[in-house]
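Let us take a friendly walk through one protein chain. Have the sequence and the 3D view ready, and follow along.

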Amino acid sequence: MSDQLRNIVALANFQNLQDRLERWNKNYSLNTVDQNVNQCIEVLELNSKLQGQVFNLLAAIAAEGGTYGGADPLKRRLLPWLASGVGRGLSQDTSMKLISESAGKDKQIRDLTDQYEAKIDMLEAELKNFKLNSGDLKNELEETRNELQVTKKSASGDLAATEEELSRLRRDLQSAQDEVRRLKSSSLLVDDYETQIRRLRSEINLLRDEKAIFLTGRPAPRPVEVEEPLPCPPLSPCREPLPPSQVARQHSLVNRFNDLYSRARADANAVLRLVSDDNDRNQRIVNAALIETFREVKLAFRQYRLRVRKALLPHQSLDESLDEAVTSYVDRHGEFHEVFGLKYHEVEEIVSDVLRALNRNPAISYAPHIDYYDLKPFIRKAVELAWSMQCLHEPLDLHVGMEEELIKDSLYRRSYDSDYSSYLVHHFVWPALVDARGNCLTKGEVVTRKAGDAPRRSRSRTPARRSRSISPRRPYKGY
């Protein structure tokens, strides 16, 4: 029985019947009547053959069950169907609909099967491509790994060389720092030696005077020393040459003073120009602010020296006088902020004193719309610079001149907007910087103008360009 069923399935006669029906449906309108009748007869013959095979299969199945095998379905379904006539159990339309639905489902199943097999083939092809690409990627990965190993080996060698170079540079830096410390200590020793030499000379002169007074009743003339340096310039009396530390610090402070002129002064003038278009008055205010700052700093520095003198008095030794000890202490520790020298609150106090002095200054015309507190940044920088200049062994100071006097070419230069036919100072733009010996280190700047000339006003109330002159600098010479 199973063999017959497999044969029916293998022959696919029902599929052939469906194919014939589809071909007949396509060519129905093209065929003649005889051809259509022949097609219909062929379908009936094929259908009868198929029914015969199915009935034979039914008989074989019933025979396997014995005498009564399959009797119940035959009685309930087959015999009533045969009694009512073959094909009368269902209407013709219903029977054809069922057959068409079955054929459609079979066709859908075949189409899905074909699509599934096509997708499987496509996926297998993609899988092969992926395998090939993965093989290529594995090869590239291996090559990259080899290159990485080579790079790592070369980098390790470069790193070792770099570490060796860094260690060598560290050793050089350490040796340079040691050399700097040694030079600093030697410079301090030189300063100490110079201080001791001055102290011994003064003591020798004092003992010589005492001896002469004791013997003759009048002081002995000072001997001329052959090892004295060359005479100083004629602007100042002959003095000892400055120590190297004094020359270096003085040169640095002169540079800071020039920087204060070229930058901070221009910024202060720009701030004043926002509220006042009187350029002459603005220049007078900045110049007065600098002069008042130096004056207040000198007063504060005197108080500081008195405090240092009072602190060093209980610890004074016989080898050094008190004035020299105070000078040495100020020379070494005066510029250290917040510890030994000028503190922040003292700077603010000096700035407040300068602002009050500007309000009392008769040389500045009264202007209620000008607020001097806008000049606090400029005054604060000037305070720090003036304090550093006072801490020198020979302090630096400003030359204060008077208006309507003849210009001193050795101390001042004219500004670009001056009247060069006049020699009278109309007002000061920047004071001159002089040392304790009276030598001019940096020239100041003045405006010369004839009496009765109108004051110059700013062209706009916005910050203007800086002055054409870079700085009132003159070549600096160490002494």
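## A patch, a lysine and the confidence

Phe 55 sits in helix α3 (helices are DSSP runs of H or I with at least four residues, strands are runs of E with at least two, both numbered from the N terminus). This is a predicted model, in which local features need pLDDT of at least 70, side-chain atom pairs count only at pLDDT 80 or more, and totals for chains, interfaces and linings use all residues. Residues are numbered from 1 along each chain as its sequence is written, and side-chain values use heavy atoms, leaving out hydrogens and water.

Together with Leu 58, Leu 79 and Leu 82, Phe 55 forms a nonpolar patch on the surface. Helices α3 (33-64) and α4 each supply at least two residues of that patch.

Now for Lys 298, found in helix α7 (residues 279-312). Lys 298 has 24% relative accessibility, so it counts as partly exposed. Beyond its neighbours within four places in sequence, Lys 298 is in contact with Gln 390 and Asp 397 (contact means heavy atoms within 4.5 Å). From C-alpha to C-alpha, Lys 298 and Asp 397 are 9.3 Å apart, although 99 residues separate them in sequence.

How confident is the predictor, on the pLDDT scale from 0 to 100 for each residue? The chain averages a pLDDT of 77.

| Element | Mean pLDDT |
|---|---|
| Helix α4 (residues 71-83), lowest | 71 |
| Strand β4 (residues 432-434), highest | 94 |

Notes:
Buried < 20%, exposed > 50% of the residue type's maximum accessible area, 1.4 Å probe, protein only. Patch = residues over 30% accessible without salt bridge, like charges linked within 9 Å, V, L, I, M, F, W, Y side chains within 5 Å. Areas by Shrake-Rupley, 256 points an atom, 1.4 Å probe, with all protein chains shown as cover. Salt bridge = Lys/Arg side-chain N within 4 Å of Asp/Glu carboxyl O.
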